[in-house]
Amino acid sequence: MRSKYRLGIDAGGTFTDFILADREGDIRLFKVLSTPNDPTKAIRNGLALIEEETGLAPSEVVSNADLCINGTTVGLNALITHNGAKTGLIATKGHEDSIEIRLGHKEDGYRYDPDYPPATMLVPRHLRKGIRERIISDGSVKTPLNEEDVRAACRYFLKEGVESVAISFVWSVLHTEHEQRAAEIVREMMPDVRLTVGSQLYPQVREYTRTSTAIVNAYLAPILLRYVEAIDAYFRELGSQHPVRYFQSNGGLALGKVVAEQSVYAINSGPASAPQAALDVAEPWGDKNIITCDMGGTSFDITLTRDGLANVNKNIDFLRYRIGIPMIQVETLGAGGGSIGWIDSMGLLQMGPQSAGSEPGPACYGQGGEKPTTTDANLTMGYLSADGLVGGRLPLDVQKARAAIKTHLADPLGISVEKAAYGMFTIVNNNMVNAIRRVSVERGYDPRDFVLMGAGGATGAHITALAREMGISKVLVSKLASGLCAYGQIISDVKYNYMAPAPIRLEGAEAARYLDELFTGLEVRGNEDLSGDGFSEDKISIRRSLDMRYVGQVHECTVEIEPFKVTEARLADIKAAFHARHKELYTYDEPNSAVEVVNVESTIVGLVDKPKKMTIGKGNGAHSALKGTRAMVFDADGSTTDTPVYDGGKMGADDVIHGPAVIEEITTTIVIEPGWTVNLHNTGTYVITADKA
């Protein structure tokens, strides 16, 4: 760290988390309610809380910070609620409807479901304008650009009050001049709109993916621009000496001006930092196979790292919209502390995906919520203290929780409140277990070979139950768990992805020369960008990947290679890497078949100095942290067990607890089911292991 502090901010659907690290290794976590209608308000509230608890004024923190990092759900929320900018599309004539045709089928999982409704179009039909022009697959011009068509589209967009425009022409990645000229006309006639050019944002072969990615970016760009401008201005007022960094879905940091232009990279920025944080927390044990579960108030996010590498997806359907850019794979479902319990038409208890969020929140918050939620169930079962969350700043009302469960679930089902609460707990756990299986079992990974990492404020109450169901015997929960993504931000690097189309068969010296020039060109750009951002050559690293397939295949797979000079002799190494990756994914390879490249990508990383790890002193034995006991429910029959409750703030290194027990940290509560043992490590991590039978 170059300065005294580093600040990470992760804005979630219910809570906004703040991690403040100093040069001496002191790392502190703060949490405030999110303010969806004005995300900057939560940041002000959080900095006010930091001042209240530490005496450090916001200006003192910010002006003495080497990095202030922000992970935001602004883009994600706009996409979920369809509250983005009014967007127009300029496309090759005859291809205006490619985003609606969607390659001729629905998303995976719903392909043969006739009742599954079509996705809501981010650009309505009347705002999709076809332009007479045509590039063919060899990159040559078949039909010149009709500039009057572009001008007519602009005139119509101005009349309709369009805020943002996306341009995407067929085969534009092989011949960019038409898109570039169309962009010049749009800038000339519509100087105030945000403009996204498909061949610049996502220069990869695949027309539908490129068009959809450009539209999503254009749809979010004005919103992200306003957000970035507001945040940057606020931090400048506080005396920031360095520009605010924003976390991206690719797992790296970027400047605000980059995020404002490439807004699609900010969609899933919050949970994308979880793998980096998980690897850092697990480092003392050498664990590199980790499943991270982040349960907040609104959603449950799962990420997986294998052999120390996070799963990265490209060309996926996210919230029903095809996005091509690299994104850390995050499996998300509506299973948070605010998930609402309800009874379906068959008379069966269900949980979520509807959420009470932070406004009005669960019934126990006493803010007007009347429906029973996961948090109400955990409070009713005794897992949570009635003294409240966030160190008592958010008191909980047990009677309102019980009344909501009784009225909406227990009485209609003819069971006790305790049984209904345990049923809610079990069902939401099953929903989360199914999601964990999707990122592990369904991808060929045995979850028993992984460590389970707890993240998010609500996960601790469920973590041992999830591990039990998955057959995982080791769980790690850091004292920073409820702000783990914010912690991941302050230890992450700057990362940019540079792409190019490369439709070429992997044979001969000419192919080698072509690929080498492509990679070299991308990496020169990347080095220039990071050098301009203040990174010296020894702080810049490069990773390469190629999208490859056997000649005749429809889909390709991504193969990572080291950055070396591509010669004809080295083509054999690239082919071997492809064969191995294809076999890993599909159980077979074809070493004698011809191989072709479709796209290439260079990931350029600017290495950021890391703050020191958290350390805690040796404990005096867990008995010294015992607060008392509380009646808790651990069985489906609703019976209660008198269970010890420990103050996590008074526990120290090597303190051991045997379940059943509850450990109360300021921002999370960890439930230790019977059959599990906890040992607190000197890095502030609870190591929870299953007792041997």
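Analyst: Start with a strand pair. Strand β29 (residues 626–633) and strand β30 (residues 640–647) run antiparallel, joined by seven bridges. The model is predicted: local features need pLDDT of at least 70, side-chain atom pairs count only at pLDDT 80 or more, and totals for chains, interfaces and linings use all residues. Residues are numbered from 1 along each chain as its sequence is written, and side-chain values use heavy atoms, with hydrogens and water left out.

User: What makes β29 and β30 a pair?

Analyst: Two strands pair if DSSP finds at least two bridges between them. Here seven bridges join β29 to β30, so they count as a pair. Strands are DSSP runs of E, at least two residues, and helices are runs of H or I, at least four; both are numbered from the N terminus. Met632 stands opposite Thr641 in β30. The two strands form a hairpin with six residues between them, and Gly638 in the turn has a positive phi of about 80°.

User: Why are α12 and α13 called roughly perpendicular?

Analyst: The axes of helix α12 (residues 398–413) and helix α13 (residues 417–439) cross at roughly 85° and come within 9 Å. Axes are lines fitted to C-alpha atoms, for helices over the stretch in contact, and angles run from 0 to 180 degrees between N-to-C directions. Angles under 35 degrees count as roughly parallel, over 145 as roughly antiparallel, 65 to 115 as roughly perpendicular and the rest as oblique. The two helices are therefore roughly perpendicular to each other.

User: Which residues of α12 and α13 meet?

Analyst: Contact means heavy atoms within 4.5 Å. Arg402, Ile405, Lys406, Leu409 and Ala410 in α12 meet Val417, Glu418, Ala420, Ala421 and Met424 in α13.

User: How do you know that strand β1 is mostly covered?

Analyst: Buried means under 20% relative accessible area, exposed over 50%, partly exposed in between (1.4 Å probe, protein chains only). In β1 (residues 5–11), seven of its seven residues are buried. Tyr5, Leu7, Ile9 and Ala11 point one way, Arg6, Gly8 and Asp10 the other.

User: In which sense does β1 pair with β4, and in which with β2?

Analyst: With strand β4 (residues 65–71), β1 pairs in the parallel sense over six bridges. With strand β2 (residues 15–22), β1 pairs in the antiparallel sense over seven bridges.
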